[in-house]
Amino acid sequence: MEKKPYYLTTAIAYTSGKPHIGNTYEIVLADAIVRYKRFQGYDVRFQTGTDEHGQKIELKAEEAGISPKQFVDQVSTEIKRIWDLMNTSYDKFIRTTDEDHEKQIKKIFKKLYEKGDIYKGHYEGMYCTPCESFFTPSQLVDGKCPDCGRECQPAKEEAYFLKLSKYQDRLMKHIEDHPEFIQPESRKNEMVNNFLKPGLQDLCVSRTSFQWGIPVDFDPGHIVYVWLDALSNYITGLGYDADGDHGELYGRYWPADLHLIGKDIIRFHTIYWPIILMALDIPLPKQVFGHPWLLQGDGKMSKSKGNVLYADELVERFGVDAVRYFVLHEMPFENDGVITWELMVERMNSDLANTLGNLVNRTISMSNKYFGGVVENKGVSDTMDADLIAVAEAAPGRVTEKMDQLRVADAITEIFTLFKRCNKYIDETEPWVLAKEEAKKDRLATVLYNLMEGIRTGAVLLGSFMPETAGKILSQIHAESCELADLGSFGAYPSGTKVVEKPEILFARLDVEEVLKEVAAKAEAGDAPAEGATDDGSSEEGIDIEAKPEITFDDFMKMQFQVGEIIACEEVPKSKKLLCSKVKIGSEVKQIVSGIKKYYSPEDMVGKKVMVLVNLKPAKLAGVLSEGMLLCAEDADGKLALMTPDKTMPAGAEIC
């Protein structure tokens, strides 16, 4: 029988920097859902990727002294590395700079324009660069962006608009007729009450104030607004063609069964995206789920707050599956979850090392000690067996019920309820006591068989959430994984199976104080200022930044840093950020372009002694050749300050 298709997407990650564990939670959550769908027998398509256009990217690339494409290539590679590190089983990693995607975005924009759903006008309002969003003054919260809380700037420009208002009533009816469309319920109420009922304003879908985006091919100077570009990845990644020549995957998998996104972008996916699809005469996705945030301590993770945890540093300490377990198990269905080093250690010790790891280890060890590793069902039952069997047989149905509701944390709890019941069964049956009497040997064998069958059932169910751990358990007890339909009733573990002679320790207990000391030592080794103080002893709060990979001394020696004197400086035409400086370095003068216009005027620059990376490969920025890089410091608010020697040094002096 042909498998039923199931298509799930994550939001595509914005390529402004390395994703922290809060960002990474979404891809792990999505992976658990699709692995369980495969376990249920579905034909799954799982798509993720990166969102790579926009003003923020252009500015960050300018500041880094590289092209936007070079910048997003680097960040996209890092995001994909983290997704792979977390053992996520996506089928497609799409990038919005992919040639086939960009081609379709141009065609989609033109199709909507020719249909009359996109029209040309002017926009005047408040613009949030990090969110790539326009707002009216009434939509601001305390004068700031309602989504991220940052400052917004007045903006006015010629733009194309999508007629949201045309489709407002149709969308409202769809939401009323499909109560499952927006989940959880609180997200749906927010969209209906805060946006649809007050009335929709038409959506700006092009920009002219920057260049890094997909061009509107029939109107030079305009680029496609990032949300129309980014949202359409869900169909372009399947081979959607605006001319109707769709690929086979589109016919098989669209409409999507689930768009899995963070609660902060629910508006774009439940209002803008459905209307884009309606305008294109395309079926809407079946469900959009806005998951909560994973918070560090009691606040949202932020690099400026210095409270960011990254997946790779957690994996280094705890292992991939322990991190997967934590982020999946600790996130409530609707409310935000919390992650700290202390909580990680607590879960590692109590749930993973004790409840699961110790159960598997001692059951295998007892089988080896009493029966040479051979597990046989001798059929010597007792009334105390009934509850264990009932819990084991009910577990697949209970887990499936929770997963069908997207209550992933609750599904994992059901699996660990089985493991805990197995531990209780050991305490009830006391195998070590049974082993003392030869007459009770068959009963002992039956007890160990029941335990092994409980472990097998739990391990098979665990495969969607902790795939490596589940595989290790099944390998040690010489059992095979299977689909949900094949899990069967209690007793499917083949009697007479021989387990491994020496069980592997799945999870080692950790000392929380030792972990915290090592974390602090690592931060100190990275030359991070002590919390609440700077290196000069003032009370100014320090900040933490994203750590880059270690380099060798030889790598460092390849870079040439010298003192330079700025002898001339001017603005770069048509650029809001760039200054072009003539920098004297010894007997040579280099031309260097820098994204510091916001903080320095050309007049301020002339005469300054600055630190220069002189052997950086030349590149063109905004059409102007740059032959090096001026070094700056950046604070938590993104303000820049040129690095200058604190004593008089000649131009050309080596910095070493």
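Aspartate 281 sits in the loop between helix H10 (266–279) and strand S13. Helices (H or I, at least four residues) and strands (E, at least two) are DSSP runs, numbered from the N terminus. Although aspartate 281 is not a glycine, its phi is positive, about 60°. The residue counts as exposed because its relative accessibility is 61%; exposed means over 50% relative accessible area, buried under 20%, and partly exposed in between (1.4 Å probe, protein chains only).

The model is predicted: local features need pLDDT of at least 70, side-chain atom pairs count only at pLDDT 80 or more, and totals for chains, interfaces and linings use all residues. Residues are numbered from 1 along each chain as its sequence is written, and side-chain values use heavy atoms, with hydrogens and water left out.

Leucine 406 also has a positive phi, about 65°, and is not a glycine. Its loop lies between helix H14 (385–404) and helix H15 (408–429). Leucine 406 is classed as buried because its relative accessible area is 11%.

Strand S13 covers residues 288–291; Val288 and Gly290 point one way, Phe289 and His291 point the other way, and all are buried.

| Strand | Sense of pairing with S13 | Bridges |
|---|---|---|
| S8 (residues 182–183) | parallel | two bridges |
| S12 (residues 258–262) | parallel | four bridges |

Glutamine 183 has phenylalanine 289 in S13 as its bridge partner, and isoleucine 261 stands opposite glycine 290 in S13.

Glutamine 183 is also joined to proline 184 by a cis peptide bond, with omega about -5°. Proline 184 belongs to the loop between S8 and helix H6 (185–196). Another cis peptide bond runs from tryptophan 254 to proline 255, with omega near 10°. Proline 255 is in the loop between helix H9 (248–253) and S12.

Aspartate 511 lies in the loop between strand S17 (497–498) and helix H19 (512–525). Aspartate 511 is partly exposed, as its relative accessible area is 44%.

Methods:
Pairing = 2+ DSSP bridges.
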